[in-house]
Amino acid sequence: SSGINAEWPLRPGYNGIITRVPGNPTRESRTSSGISTLQVHEKPIKCVSVIKGEGDVIITGSLDQNLAMVRSEADKMEQVFVLKGHTETVNCSGVSPSQHQLASGSWDTFLKIWTTSLNEPCDEEEKKKRRKKSSSEPLLRTPL
């Protein structure tokens with residue numbers, strides 16, 4: 001398990017759900033209010049990376065061959081992007097020292113590099129689909 005900070009420990013789940021628990025990760029805090037959960041994958045989460053900033057960004061990799069970028073604020077989590085490009089389980093991820101790029105490794109033997117910007121546009125094809133239908137689903141992003 002990983003943590004954003006001591007106030008908001010992060011727990012990636014075998015069920016594809018990430019959970020933030022306020023306070024110290026003790027038995028008492030698990031039952032307190034303020035717990036945030038978000039389904040980000042359909043299969044178990046295998047790795048987590050965190051980009052610290054004004055609003056933290058959580059990146060998870062999974063057995064479902066995808067990564068998810070989640071914006072995390074004090075009172076909520078929101079999935080922003082699905083990162084597709086691997087053909088096997090994503091086992092590891094890491095953020096560059098500049099925090100502008102993310103590397104992911106997979107059983108497909110490829111290392112993929114992604115942008116971590118939440119403001120850069122997604123794929124052109126995805127933007128066209130998005131214009132046709134208003135959707136709350138996260139946008140699709142492919143490697144650089």
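Cysteine 92 is partly exposed, with 42% relative accessible area (buried is under 20%, exposed over 50%, partly exposed in between, with a 1.4 Å probe and protein chains only). Its closest cysteine sulfur sits in cysteine 47, 6.4 Å away, which is too far for a bond. Keep in mind that this is a predicted model: local features need pLDDT of at least 70, side-chain atom pairs count only at pLDDT 80 or more, and totals for chains, interfaces and linings use all residues. Residue numbers run from 1 along each chain as its sequence is written, and side-chain values use heavy atoms, with hydrogens and water left out.

**Cysteines**

- The disulfide count is 0, where a disulfide is a pair of cysteine sulfur atoms within 2.5 Å.
- Cysteine 47 is buried, at 9% relative accessible area.
- Looking from the other end, the sulfur closest to that of cysteine 47 belongs to cysteine 92, and at 6.4 Å it is too far for a bond.

**The sheet of 5 strands**

- Here the strand order is S5-S6-S7-S8-S12, the sheet is open and the pairing is mixed. Strands are DSSP runs of E with at least two residues, numbered from the N terminus, and two of them pair if DSSP finds at least two bridges between them.
- S5 (45-51) and S12 (139-141) are the edge strands; each has a single partner strand, so one side of each has no neighbour in the sheet.
- From one strand to the next, the twist averages 30°; axes are lines fitted to C-alpha atoms, and angles run from 0 to 180 degrees between N-to-C directions.
- S7 (residues 66-73) and S8 (residues 76-84) run antiparallel and are joined by 8 bridges.
- As background, strands of a sheet pair through backbone hydrogen bonds, either parallel or antiparallel.

**Two residues around this sheet**

- Glutamine 79 belongs to strand S8 and counts as buried, at 15% relative accessibility.
- Leaving out residues up to four places away in sequence, glutamine 79 touches Leu38, Gln39, Val40, Ala68, Met69, Val70 and Pro138; contact means heavy atoms within 4.5 Å.
- Leucine 63 lies in the loop between strand S6 (56-62) and S7, and its 28% relative accessibility makes it partly exposed.
- With residues up to four places away in sequence again set aside, leucine 63 touches Lys43, Pro44, Lys46 and Thr89.
- Leucine 63 and lysine 43 are 20 residues apart in sequence, yet their C-alpha atoms are 5.6 Å apart in space.

**The sheet of 3 strands**

- This one is also an open sheet, ordered S9-S10-S11, with antiparallel pairing.
- Its edges are S9 (90-95) and S11 (111-115), each with a single partner strand, so one side of each is left without a neighbour in the sheet.
- Neighbouring strands are turned against each other by 25° on average, direction ignored.
- S10 (residues 101-106) pairs with S11 over 5 bridges in the antiparallel sense, and leucine 102 stands opposite tryptophan 114 in S11.

**Confidence**

- The chain's average pLDDT is 81, and 75% of the residues score at least 70; pLDDT is the predictor's confidence in each residue, from 0 to 100.
- Residues 1-6 stay under 50 in pLDDT, and the model gives them 19 contacts beyond four places in sequence.
- Residues 25-31 also stay under 50, with 10 contacts beyond four places in sequence.

Key
Helices (H or I, at least four residues) and strands (E, at least two) are DSSP runs, numbered from the N terminus.
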